Amino acid sequence: MNVRPSHFDKDIMCCIIESEAPDMILEALKDRGLGFAIWGEGVETPVVVIDNRDGLTEDQLLAIEAHELGHIMTESDVEADAEIYAIALLRLTGHHTAAQLLLDRGIVDECKAAAFTI
């Protein structure tokens with residue numbers, strides 16, 4: 001398990017699961033896919049958790065991190081809200097391939113993504 005500050009916001013921690021991890025994290029990943037965010041009332045430091053046990057590419061890792069950061073920054077559990085924020089963030093920081101990975105998922109279309117700015 002690799003813990004580091006987020007590439008996008010140093011006040012948010014990023015936990016990359018590469019092999020072993022506590023059982024409660026592995027159980028949460030079963031229900032949430034490749035990542036999830038821990039944030040909200042009572043959480044002093046928000047955390048993004050990413051499952052990298054299958055060896056994701058750097059662009060995939062950035063896309064997941066940005067998406068989960070989108071949940072934290074928009075304070076929303078709505079996938080489309082997080083996705084739109086993530087695409088804008090990735091484009092703003094020059095990670096266009098990672099942004100395209102999110103667009104290719106089809107949660108939001110280009111028109112919605114293009115209309116949002118950070």
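## Burial and model basis

Of the 118 residues in the chain, 44% are buried, where buried means under 20% relative accessible area, exposed over 50% and partly exposed in between, with a 1.4 Å probe and protein chains only. Please keep in mind that this is a predicted model, in which local features need pLDDT of at least 70 and side-chain atom pairs count only at pLDDT 80 or more, while totals for chains, interfaces and linings use all residues. Residues are numbered from 1 along each chain as its sequence is written, and side-chain values use heavy atoms, leaving out hydrogens and water.

## Overall fold

The chain holds 5 helices and 4 strands; helices (H or I, at least four residues) and strands (E, at least two) are DSSP runs, numbered from the N terminus. Read from the N terminus, the order of elements is β-β-α-β-β-α-α-α-α. The radius of gyration is 14 Å, close to the 13 Å from the globule rule for 118 residues, so the chain is as compact as a globular protein of that length. Here the radius is taken over C-alpha atoms, and the rule is 2.2 Å times the number of residues to the power 0.38.

Along its principal axes, the C-alpha trace spans about 40 × 30 × 25 Å. Among contacts (heavy atoms within 4.5 Å) between residues at least 6 apart in sequence, 50% join residues at least 24 apart.

## Surface and charge

## A closer look at helix 4

Helix 4 covers residues 96-105, and its buried residues are Ala98, Ala99, Leu102 and Leu103. Seen down the helix axis, these buried residues fall within an arc of 145 degrees, so they line one face of helix 4. The arc is that of the directions from the axis to the C-beta atoms.

Their cover includes helix 2 (58-74), helix 3 (79-92) and helix 5 (110-115). After helix 4 comes Gly106, with a positive phi near 85 degrees.

Asp31 sits in helix 1 (residues 23-32) and counts as exposed at 69% relative accessibility.

Glu75 lies in the loop between helix 2 and helix 3. Although not a glycine, Glu75 has a positive phi of about 50 degrees, and at 62% relative accessibility Glu75 counts as exposed.
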